[in-house]
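Biologist: Could you walk me through this protein? I would like to take it step by step.

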Amino acid sequence: MSTQQQATSVTSAPREVQEFLRSAPAHLVGGTKRPSGSGEEIEVVDPSTGDVISHIARGRSEDVDAAVQAADSALRSSSWTKVSPATRESLMHRLATLIDENIETLAFLESLDNGMPLPLAHNLDIAGAADVLRYMAGWPTKIAGRTMAFESPFGNRVMGQTRREPVGVVGGIIPWNVPFMLAIWKVAPALAAGCTIVLKPAEDTSLTALFLGDLVLDAGFPPGVVNIVTGTGPEAGQPLIEHPLVSKVFFTGSTTTGIAVGRAAASHTKPVSLELGGKSPTIIFADADLEAAAAGAAEAIFLNSGQICVAGSRLYVQKKAYDDIVNRVASLASKHVLGNSLDPATTLGPVISRRHKERVDGYIDAAESDGAELISSHSIPEQGFFVAPTIVTGAEHGAAITQEEVFGPVLSVYPFDDETDVLQAANGTPYGLAATVWTSSLGHAEAMIDGLECGKVSVNSPGFPYPGLPEGGKKASGYGRDLGPESLDGYLHSKTVIFERS
Ligand code: NAD
């Protein structure tokens, strides 16, 4: 059955998907499937229907310990340490090819598990992940240190060099919003650097990470190089951070959890990379191509139902174009088709869970009670966890809807006068992840690029991630970097070596 013809239920899912959903809940530890020590499981819920579609293993410290021990053994084993950089590269390419070959199954699983529309799962999440793997596969053969000659205090000639070594066993903890892509953003640089990894996917979306585990073994990576433990943050994430054999933690998730992760890592003098939340502004100057800018602003907040870390959740429009842009964005919002993520007609799927829907609805209700106006023209499907695309106007700068990450299809819009005015407003939240600027003036673009306090500025572009360019933030959005050589650096340790003729 082709992806386009698939029906919207698990019972009519492709055979591979059904088999995978029926497989016994297990972690991937040292190349083998292993149920939780406690035998406990977590329900997997389809957010489009609220139905339980499968179960995953509920990991605890004993499971994490087994996975870390396996990763540590693999790190010391010649079956990984003696693998040449060129062979690491070809293993990574083989894994990327296996992802391509299984893209229909992976996309179906992701759409079912996360609620993202199937084409988004296919084209952005899974295909994008394979691209990142291929990009990172180019690095093992290019990792190199420096060499220099100098004179010792006693006049001897000294040769100094730096060697770049894998940091060791790394722990990867990821969220549920673009699950497969974010898994690869941690696994790919770890493999390129020669590390071994224990990955803990989000408890709401572990299916594609587990499928990835199978592909890693099929690709021929030695057992223990990639391990996957499923479970909740406190039960499986926390022990991973605290495990003495884990050299570094790479965390992507909310700022609140990131602060707790940073604290836990600091008490073990363990380095941590934090990729956290955002409250990213889209800024439209009146001289912009208003049609393209409105389309960009709408996509920035409605893609994946606003559950994107760089979602453009605040829209600043220069006063002259304000009414025009609000009308255009409202019209684009009204055209979205809410529905089951597997239905080809759907353009806006559910949010991840009932709890998250209640959280997003809470922000909308609070904005209305505070006197803001709502523009929303959709009725919500009866089943599943849906939030209608909503535009909020008239919210105060200090309101929760302006200052806090909502992580739903909710856009607040504000008028501005000039560059100074908009920079002050755009920088006026705790976050600093990304920003998008729409203008035909090079002067406005330069002023925004210079003045915006964030990790990434896109000009007249939706600013999709590219494998060679780093993604990450400032301020409460964290300080880690995914993608690009900057990401790889985080998985490498520099060792200084000095040779002196005896
Ligand atoms: P979350 O912080 O609730 O959870 C993220 C992960 O941390 C999950 O795997 C969870 O189980 C784990 N976790 C929770 N508590 C933990 C603890 N005490 N110790 C260890 N692990 C723990 O985030 P979420 O709700 O799953 O994801 C949404 C958030 O992720 C949003 O804030 C979004 O902006 C952010 N995000 C950021 C980026 C980025 O690159 N900056 C990318 C994607 C998502």
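Modeller: Let me start with a term: domain bounds come from an automatic or database domain assignment. This is a predicted model in which local features need pLDDT of at least 70, side-chain atom pairs count only at pLDDT 80 or more, and totals for chains, interfaces and linings use all residues. Residues are numbered from 1 along each chain as its sequence is written, and side-chain values use heavy atoms, with hydrogens and water left out.

Biologist: How far apart do the C-alpha centres of domain 1 and domain 2 lie?

Modeller: The assignment gives domain 1 as 3–276 + 480–496 and domain 2 as 281–466. Their C-alpha centres are separated by 30 Å.

Biologist: How much area do domain 1 and domain 2 bury between them?

Modeller: Buried area is the accessible area (1.4 Å probe) that two parts lose on being put together, summed over both. Of the area here, 63% is on carbon and sulfur atoms. The total for domain 1 and domain 2 is about 2,300 Å².

Biologist: Which element gives the largest share of the side of domain 1 that touches domain 2?

Modeller: Helices are DSSP runs (H or I, at least four residues), numbered from the N terminus. Two elements give two or more residues to that side: helix 6 (118–137) and helix 5 (103–114). The largest share, 5 residues, comes from helix 5.

Biologist: What distance separates a polar side-chain atom of Glu 405 from an oxygen atom of the ligand?

Modeller: Glu 405 is among the residues that come nearest to the ligand, out of 28 around it (a heavy atom within 4 Å). For Glu 405, the distance is 2.5 Å.

Notes: Polar contact = N/O pair within 3.5 Å; in protein donor to acceptor, adjacent residues only side chain to side chain.
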